[in-house]
Amino acid sequence: MNLLEELQWRGIIYQQTDEDGISEVLDKEKISLYCGIDPTADSMHIGHLLPFLTLRRFQREGHRPIVLVGGATGLIGDPSGKKEERKLQTLETVEYNVKSIKQQLEQIFDFEGENGAIMTNNYDWAGSMDLVTFLRDYGKYIGVNYMLAKDTIASRLDTGISFTEFTYTILQAIDFYHLHKNHNCRMQIGGSDQWGNITTGLELIRKMNPEGEKAFGLTIPLVTKADGTKFGKTESGAIWLDPEKTSPYEFYQFWINTADADVVKYLKYFTFLSRDEIEKLEKAVEEEPHLRHAQKALAEEMTRLIHGEDSLKQAIKITDALFSGEVKNLTAEEIKQGFKDVPSINFSNSEEIGLVDLLVEAKISPSKRQAREDIQNGAVYINGDRNTDVQYVLGEQDRIEEQFTIIRRGKKKYFLIRY
């Protein structure tokens, strides 16, 4: 398969501005192409990944990716997919977000070698542009009727759209024109909601550089789940790439809990596994779904890509410890990740407390009588070890790195004692 055929097989292509033209130019030469993101937060989440991973596929085939973080457009706000005006962010906030997002993108792309990625920030050329230049040099080429026909703008006419967000599509068009002129950028990639902005860029390039090489646009489908719920969301919120917002263990768990109905699609979308490898995993889903080979492969590939090999090993270690109950070999840092959402209670470091009293005080058992029964019946574990001594007093020997004691009641009910 050539690159476009592979993208089609993976289900990644949603729209192309000129399918034959794109196929021809990719067959003949190595091109530069770009994908952008506005820094609306200080981290990307997994909903941002697919366009950039698609850009990375082009790089693996010898093309040069240009990665754009919108320090200027982030100050304006993209109306695409929004029913109301975005809240404007301060310059300081946007600059901080730009820095954070750049670090995450550096994890995905290779910036060395002949086709090393180029990192750009549109504030470098749009931030100092004066209003007259914007209106004379660029606004003159984009008609109001043309803009009103864009779905992202037309959908907001009834509820209202400010002139600020109305002109966003021109700002993004300037990005495409700038990269086309200065880096010979021939294509823009984006999510399906970016079709209107991408085609505005092509319109500006065509009018400002009519004799130049043709440019192209390609969009990627919205990622959906088979059950109709939103991809990338859990009860605790979005799955972020920032390990401080979503720990590597939580990140790993998100992917390993993928439904059988979705896992093959996500392997095609998000991983760089070959067609043969994915088809073998697809067969495993059909024949041995209980072994979850496909989910494990997906979780490993994604965690390794975003957080690295060491974090992947740590996530697997925590997962295995929780599954087996052998938790005493976990580090304090691993306990913070794996037990982030379990009930917890704080005790003084110098405090010694009887096991029965602890079970009641931490609301692990409803009464002292029940606590004694639980202990005698072998239902209580301290750091993974069963304890049947109703007279047992917890002490220094039960504290992991002087910070935690893990109590388990029954097979799966964990509680965390913090010191």
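**A close look at the ring pairs**

Modeller: Let's start with Tyr177, which counts as buried because its relative accessibility is 11%. Here buried means under 20% relative accessible area, exposed means over 50%, and partly exposed is in between (1.4 Å probe, protein chains only). Keep in mind that this is a predicted model: local features need pLDDT of at least 70, side-chain atom pairs count only at pLDDT 80 or more, and totals for chains, interfaces and linings use all residues. Residues are numbered from 1 along each chain as its sequence is written, and side-chain values use heavy atoms, with hydrogens and water left out.

Now for the rings. To describe a pair of aromatic rings, you give the distance of the centres and the angle of the planes. Rings of Phe, Tyr and Trp (its six-membered ring) pair if their centres lie within 6.5 Å; planes under 30 degrees apart are stacked, over 60 edge-to-face, and the rest tilted. Searching the whole structure turns up 15 aromatic pairs. One of them joins Tyr34 and Phe176: the ring centres are 5.6 Å apart and the planes sit at 65°, so we call it edge-to-face. Tyr34 belongs to strand 2 (residues 32-37) and Phe176 to helix 10 (residues 168-183), so this pair ties together parts 142 residues apart in sequence. (Helices, H or I with at least four residues, and strands, E with at least two, are DSSP runs numbered from the N terminus.) Both Tyr34 and Phe176 are buried.

Back to Tyr177, whose partner is Tyr138: they're edge-to-face too, at 6.3 Å centre to centre and 65° between the planes. Tyr138 comes from helix 6 (residues 131-138) and Tyr177 from helix 10, so to speak two distant parts of the chain, 39 residues apart, get linked. Tyr138 has a relative accessibility of 14%, so Tyr138 counts as buried. Helix 10, then, holds Phe176 as well as Tyr177.

Elsewhere, ring pairs join up into a cluster made of Phe231, Phe251, Phe254, Trp255, Tyr266, Tyr269 and Phe270.

A charge sits over a ring if NZ of Lys or CZ of Arg is within 6 Å of the ring centre and within 35 degrees of the ring normal. Arg57 has its charged end over the ring of Phe272, 4.6 Å from the centre, while Arg408 lies over the face of Tyr381, 3.9 Å from the ring centre.
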